[in-house]
Structure formats: structure tokens, C-alpha cells
Amino acid sequence: MNLRSKELFGIIFLLAIINFPFQAKLQHNHTSKLKTSLNAYSFNASLMKGEMNLDDLLEYCAANQFDGVDITAYYFPGYPEVPSDKYLYHIKQKAFLLGLEISGTGVRNDFSDPDSAVRKASVELVKNWIIAAEKLGAPVIRIFSGTADVIDIPREKVVDYMVADLKECVEFGKSHGVVVGIQNHHDFLKTADETIEIINRVNSDWFGLILDIGSFRNDA
């Protein structure tokens, strides 16, 4: 199966967890090895239409010598519900037998919504998929900030309740050995400064940034 040109960014979009604060210099006492991981979004249309399934995706990654695969949760059958352990372990075993690491997964959530019930549902979604990530052996779960219309709410208030929800998810991730990574996606987080504020406010070694350079835009 050939990749569509507009989906190629999924290959290039190598997820990186970045530790903060920015002021600290990175010190490496070992040699790092850059690894390649294909994001399932590279086959978004095919996966959503049922022309391709996760087994096909794993086989493609192995045949093209990727080190790993990032299987976004909404490509699993039944999303947003978590599949059965039988299915999760099937994917985990197949990836292992093909020599692939499952580098991460991710969900759609909204922590910008002023409705606390909506945010609570998002927290539960993230927690459910943290457990799934743990079972898959995925070290990272990708989440978003949110897309709610909050133009009539002071930004500081939105940041306050967003940080509270993020901290709850991060503590849960810590207890299951899964890092929570927020992706800036030109949603509530549009600039580097806005993203840095969230990272610094959460302030946890179990929270990081999945950097999406293309989503830092200047609309002026």
C-alpha cells in the first residue's frame, strides 16, 4: 500500500517528549539513538474507511523497517471504548513478533470546555486509555488541550481548570508508568509561550510536550 503525499508528515512527525524547564541545559551521559516510528494518522483515510486495519499497519511498518509504530486510539475498533484485553494483547504480541515497538497512543479530549462534566468525561477517557497504553507497553499517551469556544472566558480561568485536569491525568499516568504528552495543535495552544506556560504549570517529570512545529502559526 502506498502512502498518500498529504499523509507523509505522519512519518516525519517523530514524537518527542521534551523535559522542562527550558532554562536547564540538557546533559547527556550516553549516546542517544534516533529511532523511527510511523504515526497511524499516515493512513488515516484507509483506517477510517476500513480499507486497512491495525494488523495491516503493523505489517507495513515492519516491511518498511520502522523501529516502531504510534497507534492512535481512535483507530482501535470501538473507540472511544477500550478494546478487550484479548485484542490489545494480540496487537502487542504481533508488534513484538514483527520486531516493532509500540511507541505511543493518543486520544481526542477537550480540557478547554467550561462545562466541568465535559472535562470530567475527557479525564476518564484519558485514564481509560492510559490503562490500555500500559497493557500495550506504550510509554506515552498523546492528548490535546481543547477546542472549546472560550472567547468570553478569561484565558487565566481556562488555564487554571485545564491545568487541574492535566495534573489529575498525569498523576494517574505516573501510577501506571505512562507519560502524558500534550500536543500543541493550533487549538487552545497556538503559540510556544502558551504551550510553555502549561508545561511549567503542570510541572511533572511524567508530563511532556509532543512538539508539532507546523501548528505554531501566526494568524496576524
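Begin by selecting α6 and α7, which pack at an angle of about 50° with their axes 9 Å apart; this is a predicted model, and the tour should be read with that in mind. The two helices, α6 and α7, are therefore oblique to each other, and their crossing is right-handed. To see the contact itself, show the side chains of Arg 155, Val 159, Asp 160, Met 162, Val 163, Leu 166, Lys 167 and Val 170 in α6, which meet Glu 194, Glu 197, Ile 198, Arg 201 and Val 202 in α7. Coloured by residue class, the contact of α6 with α7 divides into 7 nonpolar, no polar and 6 charged residues.

The crossing of α5 and α6 is right-handed, and the contact is made by Arg 119, Val 123, Val 126, Lys 127, Ile 130 and Ile 131 of α5 together with Tyr 161, Asp 165, Glu 168, Cys 169, Phe 172 and Gly 173 of α6. The residues of this contact of α5 with α6 comprise 7 nonpolar, 1 polar and 4 charged.

Leaving aside neighbours within four places in sequence, Arg 119 is in contact with Asp 110, Phe 111, Asp 113, Pro 114, Tyr 161 and Asp 165.

Return to Leu 166, which touches Phe 111, Ile 143, Ile 182, Ile 198, Val 202 and Phe 207 when residues up to four places away in sequence are not counted. Widening the selection to the largest nonpolar core brings up 54 residues, of which Leu 57, Leu 166, Ile 182, Ile 198 and Phe 207 touch the most other members. Among the elements that give two or more residues to this core are α3 (54-63), α4 (85-97), β5 (140-143) and β7 (207-210).

For the last stop, select Lys 94, which lies in helix α4 and is buried, with a relative accessible area of 18%. Apart from neighbours within four places in sequence, Lys 94 is in contact with Asp 55, Leu 58 and Glu 59.

Conventions
Residues are numbered from 1 along each chain as its sequence is written. This is a predicted model: local features need pLDDT of at least 70, side-chain atom pairs count only at pLDDT 80 or more; totals for chains, interfaces and linings use all residues. Side-chain values use heavy atoms; hydrogens and water are left out. A nonpolar core is a set of buried Ala, Val, Leu, Ile, Met, Phe, Trp, Tyr and Cys residues joined through side-chain atoms within 4.5 Å. Buried means under 20% relative accessible area, exposed over 50%, partly exposed in between (1.4 Å probe, protein chains only). Helices (H or I, at least four residues) and strands (E, at least two) are DSSP runs, numbered from the N terminus. Contact means heavy atoms within 4.5 Å. A crossing is left-handed if the near helix is turned anticlockwise from the far one by less than a right angle, and right-handed if clockwise. Ala, Val, Leu, Ile, Met, Phe, Trp, Tyr, Cys and Pro count as nonpolar, Asp, Glu, Lys and Arg as charged, and the others, Gly among them, as polar. Axes are lines fitted to C-alpha atoms, for helices over the stretch in contact, and angles run from 0 to 180 degrees between N-to-C directions. Angles under 35 degrees count as roughly parallel, over 145 as roughly antiparallel, 65 to 115 as roughly perpendicular and the rest as oblique.
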